[in-house]
Amino acid sequence: MLIPEDFAGRLRLALNQANISPAALGAAVGVDKSVVSRWLSGRVRPTQHNLTRIAAVLAQGLPGFTVLAFEAPTSEFRALVQPLAAQPQSGQSLAFPFAVIESARRETGRRGVEYFGAYLMYYRSFSQPGRIARMAMMLRPADGLIEARYGAEGFTFQGWALLMLNRMYLVLAEERFEAMAFLVLNAGQQPKARFITGILSGPAEGMLVPTASPVALMRQRDLTGDGERDLEAHLQDCHLPPLIDASEAPASVLRMLGAGSLMQVPFANGEET
C-alpha cells in the first residue's frame with residue numbers, strides 16, 4: 001500500500017480505508033462538503049479544532065487513529081489504516097536473504113530517478129503468435145523502493161521493482177486470475193531511461209504453461225509528483241487494447257523483438273532511434 005506523505009493524501013487514504021465518504025465526514029465534523037473538498041485537494045488545511053474532530057470520526061473505523069497519525073512515520077500510519085486482515089501475520093511474511101532489500105533501497109536512492117515515469121511496454125504475445133502485446137507501465141518511488149504497475153484493457157498487474165547492479169528485477173501479481181509476472185530489465189540511459197530492454201516471463205493462455213519473451217519499455221512521460229494524479233493517468237493508459245499488429249509497433253521495438261532468438265535478445269541493451 002502506497003502511503004502519501006502530505007496531509008491531503010493521507011486524509012483521502014484514511015477515509016477510503018475507514019469507508020467514510022467526504023460528505024459523511026463533513027456532516028460529522030459540521031462543515032460543508034465544499035470545505036472537505038478543499039481539504040482533500042490540499043488547498044486548505046483544517047484548523048486544529050477540526051483536525052481533532054476529523055481524527056475522532058476516523059477512529060470509529062480505524063481504531064487508534066489520532067491527530068498525530070497525519071504526521072506519523074510511514075510505517076506507523078500504514079499500521080493504522082491497513083485493515084487487520086490484510087496485515088502480515090506472524091510466520092506469513094517473507095524475507096529476502098542477503099540484505100537484498102537494503103541493497104535495492106540504496107541503489108534506488110542513487111539511481112531510481114532515472115527510471116521513474118510512465119512507459120509503454122511491448123513484448124511478443126503469449127497467446128497470439130505474430131502479434132505484439134502492448135501494456136501501460138508505471139514505475140514510481142514508494143517506501144524507498146520502486147512500485148511497479150502495468151496493464152491494459154481488462155486487467156492490471158501490481159508489484160515491486162528491485163534495482164541492483166545495472167539490472168532491475170520486477171515481481172508483479174494480477175489479483176483476478178492470481179497470476180504472476182517476472183521481468184529482468186537492463187540498465188536505462190542517463191540521465192533518464194527512455195528505451196529499456198529485458199525479458200518478461202509469465203503464464204500463457206489458460207494459465208497453464210509459463211513462457212517468456214523479449215520486452216521493450218518506451219518512456220511516454222515523466223511523473224508529476226502528485227501520486228493520485230499519476231495513478232489516474234496510468235489507469236487511463238490501461239484502457240489501451242492489449243494486442244496490436246506488428247505494423248503498429250515502433251520500428252525500434254520491432255528490431256528488438258524480432259532479432260535473434262529469445263535467449264540472444266533480452267540482455268543486449270537497445271537504444272531508441
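## The loop between β4 and β5

N166 sits in the loop between β4 and β5; helices (H or I, at least four residues) and strands (E, at least two) are DSSP runs, numbered from the N terminus. This is a predicted model, in which local features need pLDDT of at least 70 and side-chain atom pairs count only at pLDDT 80 or more, while totals for chains, interfaces and linings use all residues. Residues are numbered from 1 along each chain as its sequence is written, and side-chain values use heavy atoms, with hydrogens and water left out.

The phi of N166 is near 65 degrees, a positive value in a residue other than glycine. Most residues other than glycine have a negative phi. N166 is partly exposed, with a relative accessible area of 45%. Buried means under 20% relative accessible area, exposed over 50%, and partly exposed in between (1.4 Å probe, protein chains only).

N19 lies in the loop between α1 and α2. Its phi is near 60 degrees, again positive in a residue other than glycine, and N19 is exposed, with a relative accessible area of 72%. Just after α2, G30 has a positive phi of about 95 degrees.

The buried residues of α2 are L25, G26 and V29. Seen down the axis of α2, they fall within an arc of 100 degrees, so they line one face of the helix; the arc is that of the directions from the helix axis to the C-beta atoms. Their cover includes α1, α3 and α4.

Helix α4 (residues 48–59) has 12 residues and reaches 16 Å from its first C-alpha to its last, close to the 16 Å expected at 1.5 Å a residue. That expected span is 1.5 Å times one less than the number of residues. In α4, N50, L51, I54, A55, V57 and L58 are buried. Down the axis of α4, its buried residues fall within an arc of 160 degrees, so they too line one face. They pack against α1 (7–18), α2 (22–29) and α3 (33–41). On the face turned away from the buried side of α4 are the exposed residues Q48 and H49.

## Nonpolar cores

A nonpolar core is a set of buried Ala, Val, Leu, Ile, Met, Phe, Trp, Tyr and Cys residues joined through side-chain atoms within 4.5 Å. The largest one has 29 residues, and those with the most contacts inside it are Y115, M121, L139, Y150, M168 and L170. At least two residues of this core come from each of β1 (117–124), β2 (132–142), β3 (145–152), β4 (155–164), β5 (167–174), β6 (179–186), β7 (195–203) and β8 (210–221). Another core, of 25 residues, lies apart from it, and includes L40, A55, V57 and V81.

Not counting residues up to four places away in sequence, M121 touches A133, R134, M135, M137, Y150, L183, V215, A216 and L217. A contact means heavy atoms within 4.5 Å.

## The chain as a whole

The protein chain has eight helices and nine strands. Of its 273 residues, 43% count as buried.

The mean pLDDT of the protein chain is 83, and 86% of its residues reach 70 or more; pLDDT is the predictor's confidence in each residue, from 0 to 100. Over residues 84–92 the pLDDT is below 50, and this stretch has five contacts beyond near neighbours in sequence. Residues 259–273 also have a pLDDT below 50, with 33 contacts in the model beyond near neighbours in sequence.
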